[in-house]
Amino acid sequence: MSNTVPPTAAQRTSPNILITGTPGTGKTTTTEMVALATGLKALTVGELIKERSLHDGYNEEFDTYWLNEDKVVDEMEDMMADGGMCIDFHTCGFFPERWFDLVVVLRSTTDKIYDRLETRGYKQNKVSENVECEIMQVVLDEARESYKDEIIMELQSNTVDEMEENVEKIAVFVEQFRQSHQ
């Protein structure tokens, strides 16, 4: 075991960013675009959960895995320590606050979410649940309950232009963070 203490947020030279939002808001696309624009490493937590079995089984009704938050946090702890990560996941409250320098909550109109999820082949009950979550701003409220207001950025993600503008805003944050943490 190493005696090296991981850097704190103030000591990191590159930020950790969480991109969250209701399924269908463009998290994965935005995360990939941010990674390309900034050199941060992209990580889609949903894929990590499947690949490393960080779940407690499968929920047939909603066609998804039962998330094991402790397994996910344990798996990601070392990945997050040095910074430079851009994380994509549809929920955010269980991640340690110390991990993130910026939490981006993507929002979309319900018709966009409906169309995107239907195109993906989601079951109707799952589409409806996610549309309701966006209406009730569940992910935004969770972010506000879990993180300081000053690190939360709420962005609209309905069009390609909006996505590109979002990436530019996040890239500016990354550059400013790096400059102030040299």
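I take buried to mean under 20% relative accessible area, exposed to mean over 50%, and partly exposed to mean in between, with a 1.4 Å probe and protein chains only. By that rule, F95 and W99 are both buried, and F100 is buried too.

**Setting up.** I am working with a predicted model, where local features need pLDDT of at least 70, side-chain atom pairs count only at pLDDT 80 or more, and totals for chains, interfaces and linings use all residues. Residues are numbered from 1 along each chain as its sequence is written, and side-chain values use heavy atoms, leaving out hydrogens and water.

**Rings.** I looked up ring pairs next: rings of Phe, Tyr and Trp (its six-membered ring) pair if their centres lie within 6.5 Å, and planes under 30 degrees apart count as stacked, over 60 as edge-to-face and the rest as tilted. I found 8 aromatic pairs by this rule. F95 and W99 make a tilted one, 5.8 Å centre to centre with 40° between the planes. W99 also pairs with F100, edge-to-face, at 6.2 Å and 75°. Ring pairs link F89, F94, F95, W99, F100 and Y147 into a cluster.

**Cores.** Which residues have the most contacts inside the largest nonpolar core? For this I used sets of buried Ala, Val, Leu, Ile, Met, Phe, Trp, Tyr and Cys residues joined through side-chain atoms within 4.5 Å. They are M76, I87, F95, F100, V103 and Y147, in a core of 26 residues. Elements giving it two or more residues are α2, α3, β5, β6 and α6; here helices (H or I, at least four residues) and strands (E, at least two) are DSSP runs numbered from the N terminus. The largest share, 4 residues, comes from α3. A second, separate core of 14 residues includes I17, L155, V167 and V174.

I then moved to N158, in the loop between β7 and α7. Is N158 buried or exposed? N158 counts as buried because its relative accessible area is 12%. I looked for polar contacts there (pairs of N or O atoms within 3.5 Å; within protein, one must be able to donate a hydrogen and the other to accept it, and residues adjacent in sequence count only if both atoms are side-chain atoms). The N158 side chain reaches the backbone nitrogen of T109 at 2.8 Å, and a 3.2 Å polar contact joins it to the side chain of Q156.

T159 sits in this loop as well, between β7 (152-156) and α7 (160-180). T159 counts as partly exposed because its relative accessibility is 37%. I noted that its side chain reaches the backbone nitrogen of E162 at 3.0 Å.
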